[in-house]
Each structure stands twice: as C-alpha cells, then as structure tokens.
Amino acid sequence: MRTPVSNPLSALIERGSGGYGAFNRGRSGDSQGQRIDFSRLTLRQVQNLQHLPRNDPDRLFAIGKYQLIPSSVDLAVRALKLDPVQAFDPQLQERIFSEYLIVRKRASVHAYIAGRDGATVQQALAQLAAEWAYLGGTPADASAIAIPTDEVAQALEQMRAQYAEAIGRGLAGKQAWALVTSVDGE
C-alpha cells in the first residue's frame, strides 16, 4: 500500500500563514495570533465579513491557511461554482488552493508541476512570490517569516516528480494532480 503524499508547497505556505484559522484585518500580524474556527462559518458569511468597510472592527481581509483576500475568494467562488452555504472548512480551503489558486490564478505553478512544455521553475516561483510574499519573496514587514527560494523550488521539484511518477503509473492528469496536491488527513 502506498503512503499518502504530503503536499510540501502547502506545508511551506502554512509555515508562513499560521494555518486554517489564521486571519488579518488588512495588515500582516494585526490579529495578534488570534484564530477563528472558519469551519463554523459558511462561505457566504466569510465573504460578508471580508466585504465589510475597512474601519469595521469585524472586517476580515486575508483569511485561512492560504491567506485568501476578498477578490481571491470571490473569483474562486465563481470559477469553481462553490455553494455559498457550505462551511469554510479545511477541505474547502484546500480545494480553493489546489483547484483555483495554483491552477487558474497562478497557472505557471500548475504548468510547472505538470511538466508542461516551456514551463519553468522561475515562472512558478515568481507567481508564488506574487501570491505569498514570504515564499522566496520579501515579507510585508521585518517581523514576518520568509521562506527561502531554494526551499520553495525543492517543494515544486518534489511535486513535479510525484506528478510524473503518478502519470507513469497510469493515472489521468486530474487524478495525478489530486494526489500531489492532497494534504494528509484532507
């Protein structure tokens, strides 16, 4: 029996974000380590909180493990045809990551992992740093974590090798993608 694959890119992002319950109200660190159990909120409730006026104390900006900003959530809802009454739980956060963020919004990441002709690790790294500044980029402030580019490249290389191996075993592209982007326990 095969050991489940752990998504190394997701693990790096979690190191920088703080996990599924992480959030900020518009500036990195402004939640002072507080967490929200987003699985108790529907997707619509989360969106409503993200669209409150900037000066509203209940407003949320970047949310969850992938620090999803309002426009990213809104676009993912439309692109993936998400049900607004479903819980914003870890499974939904992982789905938005694996089916929207690194496939559609930052398509060079998917292209590189899937071994597409012309796709380069540099393109994938640039798109990851554009989405998550601490991934080989420059963190928003000096107190934020920074994950070295070589660690990010290594995670991409590992996922690329796992994808190629899954394709070599006869899995279809979607199945191989689901395997390499899965997170243990999800």
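Biologist: What should I know about the source and the numbering?

Modeller: This is a predicted model, in which local features need pLDDT of at least 70 and side-chain atom pairs count only at pLDDT 80 or more, while totals for chains, interfaces and linings use all residues. Residues are numbered from 1 along each chain as its sequence is written, and side-chain values use heavy atoms, with hydrogens and water left out.

Biologist: What pLDDT does the protein chain average?

Modeller: The average is 91, and 92% of the residues score at least 70; pLDDT is the predictor's confidence in each residue, from 0 to 100. Over residues 1–5, pLDDT stays under 50.

Biologist: How many residues are in the largest nonpolar core?

Modeller: It has 48 residues, and those with the most contacts inside it are Leu9, Trp132, Leu135 and Leu156. A nonpolar core is a set of buried Ala, Val, Leu, Ile, Met, Phe, Trp, Tyr and Cys residues joined through side-chain atoms within 4.5 Å. Buried means under 20% relative accessible area, exposed over 50%, and partly exposed in between (1.4 Å probe, protein chains only).

Biologist: And which helix gives the most to this core?

Modeller: Helix H7 does, with seven residues. Helices (H or I, at least four residues) and strands (E, at least two) are DSSP runs, numbered from the N terminus.

Biologist: What does Trp132 touch?

Modeller: Not counting residues up to four places away in sequence, Trp132 touches Ile13, Tyr66, Phe97, Leu101 and Ile102. Contact means heavy atoms within 4.5 Å.

Biologist: Turning to H2, which of its residues are buried?

Modeller: In H2 (residues 43–50), the buried residues are Leu43, Val46, Gln47 and Gln50. They cover an arc of only 100° around the axis, which puts them on the same side of H2; the arc is that of the directions from the helix axis to the C-beta atoms. These buried residues pack against helix H3 (70–80) and helix H4 (90–105).

Biologist: Is Asn7 buried or exposed?

Modeller: Asn7 is buried, at a relative accessible area of 2%, and its place is in the segment before H1. A polar atom of its side chain lies 3.0 Å from the backbone nitrogen of Leu9. The side chain of Asn7 also reaches the backbone oxygen of Thr181 at 3.1 Å. A polar contact is a pair of N or O atoms within 3.5 Å; within protein, one must be able to donate a hydrogen and the other to accept it, and residues adjacent in sequence count only if both atoms are side-chain atoms.

Biologist: Where is Gln123 found?

Modeller: Gln123 is in helix H6 and counts as partly exposed at 37% relative accessibility. A polar atom of the Gln123 side chain lies 3.0 Å from the backbone nitrogen of Thr120.

Biologist: How many salt bridges does a search of the whole structure find?

Modeller: The search finds eight, a salt bridge being a side-chain nitrogen of Lys or Arg within 4 Å of a carboxyl oxygen of Asp or Glu. In one of them, Lys65 pairs with Glu94, the closest N and O atoms being 2.8 Å apart. Lys65 lies in the loop between H2 and H3 and Glu94 in helix H4, so the pair ties together parts that are 29 residues apart in sequence. Both Lys65 and Glu94 are buried.
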